[in-house]
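Please keep the sequence and the model in view while reading.

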Amino acid sequence: MAKMAASMVESGEDAFRKIFKFYKRRNPPPDFSNVIDFSRGVPSDQVVPAILDPDGVSDGEAARVGLLPVRDWRAFGLQGYPGFMFICNPFLRGSKPFWVRQCLKVYPQKPNTCNLDMHMSPSDTEDIWDKSVLSLTSSPSGKTRAKTLLEKLRWVTLGYHYNWDTKTYSASHYTPFPVDLHTLAFQITSACGFPGFNAEAGILNYYRSDSSLGIHVDESELDHSPPLLSFSFGNSAIFLLGSTRRQDPPTAMYMHCGDVMVMSGQSRLFYHAVPRIVGPPQGHPAFDMESCRPASSLHNHSVVEPLSEQDWAMCSRYIHSSRVNVTVRQVLGPGQSFSLKD
């Protein structure tokens, strides 16, 4: 990746943007041979094993939120990216549909905020799932029809709601953070060496096949010492991770369905972006009908619940050609609070 990047970028250029445009290009399509694929387990000088804390999360606690025992997780780091951790699909067989259903049906509900609220009345965006289900589940695939509200969804905010104009959070714009997602984030961070993580804000991004996410740094949180978590569901994506300078070329990697990234330490404030959504690895559908089928038997007192046949049909129809990404953040550090002007 470094050799390819060096040949593309001259000194003084915005290296990150140049590589972003390279992977976003449609015609001719880019060369993906330098994109790191953690799921393949191919030896690399850049990819190193990451250390987890199996004692930080019991098998029962992991299973309760649909996760494999921590000892079975495949976790990696990258040379030159302190604090970055990549976990290849740590989810139990059959648990991902629940989390996809939450992202599509539950989390967009009021009082949470979504992009549709910017130009529609609250009553029109109150039941996005119910207003979309008939069209999505009954229309033949490929047939031309009007987009449903669910297909028009681009983002949802949770907890402390991110203000896209001011790029800030405030005490006045807050709704209770989902307990199930908080529990999932708590178990992941505990296994990664961050006990006590408090999920206070979330941003869900909904990607279609032609979507992308621009170059940015997540720095609006008041405390940057807790990690940032990123969950990926559905189609795969090319993720670019750079440094604190846009002149430095980023490293490209795949994020597949179920993959989790943890950004902490120095990497917490590194530039990153998603230039392209791509199909799943050959032989692995975006929403594998066998491995992602609703679980018939789940752990006692599980957060994860089986899906109804209708919900399963809706989720699989949507996610077949889409991607959902969930980022979870802790906004405030110990003893911190928003100023009165916030």
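Lys 167 is exposed, with a relative accessible area of 52%; exposed denotes over 50%, buried under 20%, and partly exposed the range in between, with a 1.4 Å probe and protein chains only. The residue belongs to the loop between strand S5 (155–159) and helix H7 (179–191), where helices are DSSP runs of H or I with at least four residues and strands are runs of E with at least two, numbered from the N terminus. Although Lys 167 is not a glycine, its phi is positive, at about 55°. The model is predicted: local features need pLDDT of at least 70, side-chain atom pairs count only at pLDDT 80 or more, and totals for chains, interfaces and linings use all residues. Residues are numbered from 1 along each chain as its sequence is written, and side-chain values use heavy atoms, with hydrogens and water left out.

A positive phi also occurs at Asn 89, at about 30°, and this residue is not a glycine either. Asn 89 lies in the loop between strand S3 (84–88) and H4. Its relative accessibility is 27%, so it counts as partly exposed.

Two cis peptide bonds may be considered next. One runs from Asn 27 to Pro 28, with omega near -5°, and Pro 28 is placed in the loop between H2 and strand S1 (47–49). Another joins Lys 110 to Pro 111, with omega near 15°; Pro 111 is in the loop between H4 and strand S4 (113–114).

Helix H2 (residues 15–24) contains Arg 17, which is partly exposed because its relative accessibility is 34%. Arg 17 forms a positive surface patch with Lys 21, Lys 24 and Arg 26.

Which residues of helix H8 (residues 309–319) are buried? They are Asp 311, Trp 312, Met 314, Cys 315, Ser 316, Tyr 318 and Ile 319. Their cover includes helix H4 (96–106), helix H5 (128–138) and helix H6 (149–152), together with strands S6 (201–207), S8 (228–234) and S13 (323–329).

For the protein as a whole, the secondary structure comprises eight helices and 13 strands. Of the 342 residues, 53% are buried. Among contacts (heavy atoms within 4.5 Å) with a separation of 6 or more, 78% involve residues 24 or more positions apart.

Notes. Patch = residues over 30% accessible without salt bridge, like charges linked within 9 Å, V, L, I, M, F, W, Y side chains within 5 Å. Areas by Shrake-Rupley, 256 points an atom, 1.4 Å probe, with all protein chains shown as cover. Salt bridge = Lys/Arg side-chain N within 4 Å of Asp/Glu carboxyl O. Lys, Arg positive; Asp, Glu negative; His and termini not counted. Charge placed at Lys NZ, Arg CZ, Asp CG, Glu CD.
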